[in-house]
Amino acid sequence: MARKSAIVIGAGIVGIATARALAQKGYSVQVYERNHKASGASVRNFGMVWPIGQPAGKLYDRAIRSRNCWREIGEKGNLWHDSVGSLHLAYNQMEWQVLQELFEIFKESGREVTLLNKDQVNTRSGIAKKENCLGGLFSAEEIIVDPREAIHYLPEYFAETMQIKFHWGKAVTFVSSGMIRYGLQQAYADLIIICSGSDFKTLYPEEFEKFPLTKCKLQMMRLMEEGTPRIGPALCGGLSLIHYPSFKAAPSIHALKKFYEEEMNEYLKCGIHVMVSQNHTGHLTIGDSHEYGLSPDPFDRQHINDLILKYLDQFASLKNPRLVETWNGVYGKFTNDQTELFFSPEPGVHILNGVGGNGMTMSFGLAEECMETI
């Protein structure tokens, strides 16, 4: 009996993860990508696989499932990954109170967390600022990949290990049940999955308009400091505590947010919270900001980058960092609390989108879950 066939449109992390999940189900899979290599949000991020940011239950379980996929690929293939965990720091009593509450909540639910005093923070981190540090919350569950290398490596790996075929530079402009069209050519498959990222206009635009979707533009940077040691865990300042859903579990989080609204309102207006990850070459990825709208402008604002660097200096000690690159990325996001979009606009066609800024963390687990339902 002939194998069922599937076409995936889009070779960002969601599309790659979907292709993998379909191949695991026995489909013969082909992926069509409009660019000659992935160049969107999937390569413009920290490379953080970030279970700590997900609330208990389905989303946290999905993040762990994805994290395990990354580890398996890294161990079986030639993908650099670093299981360094994450470290959230406190530099005032309100932040410290939230971290203590989260430690008790996370520990009770079985997460791999440790509450660190000031001395333990400095032992664990290569760059955490000692002055005024009250302590930190360490989680052992997060891993770092280099998104640029990882997203370009995965197609090669899955082509070799799962016989997934990738077609680059092929912009799919029309889809119907069982068929796609790109340029003057057509291709056919039993199943078609559209993973178009922030492009809501090319395929089924009238369907996307039914959902409360917007776009998020973020600004990021890479720094390099000659002689910088390995920094250890990915490092996060206090502003990150009001960014991730999992931290809402802390009873004191509302008081902390109010404090930031009064003392750091400019940061909140720009959607800034600051984190640092390190790749295998020693480069430090720094960010980020969050600006929302369906037509984000393409221009980076130096003022935003200055604010990010200023806040970084409050919790990280870098002696003489050199700015290597700046960029912005854009991803699709719901304006409500919905965490993903998966539906069928017509028989044999599905759309998987709307994962927000959680693509690296959630895509492998989400794709497995969704493809199990087909």
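We begin with the ground rules and then turn to the cores and the salt bridges.

This is a predicted model, in which local features need pLDDT of at least 70, side-chain atom pairs count only at pLDDT 80 or more, and totals for chains, interfaces and linings use all residues. Residues are numbered from 1 along each chain as its sequence is written, and side-chain values use heavy atoms, with hydrogens and water left out.

In soluble globular proteins, nonpolar side chains tend to be buried together. Here the largest nonpolar core has 60 residues, and Leu235, Val276, Leu312 and Phe315 have the most contacts inside it. Apart from it lies another core, of 42 residues, including Cys69 and Leu191. A nonpolar core is a set of buried Ala, Val, Leu, Ile, Met, Phe, Trp, Tyr and Cys residues joined through side-chain atoms within 4.5 Å; buried means under 20% relative accessible area, exposed over 50%, partly exposed in between (1.4 Å probe, protein chains only).

Now for the charges. The structure holds 17 salt bridges, each a side-chain nitrogen of Lys or Arg within 4 Å of a carboxyl oxygen of Asp or Glu. In one of them, Asp199 meets Arg34 at 3.0 Å, N to O. Asp199 lies in the loop between β13 and α6 and Arg34 in the loop between β2 and β3, so the pair ties together parts that are 165 residues apart in sequence. Arg34 is partly exposed, at 42% relative accessibility.

Definitions and conventions. Helix = DSSP H or I, 4+ residues; strand = E, 2+ residues; numbered from the N terminus.
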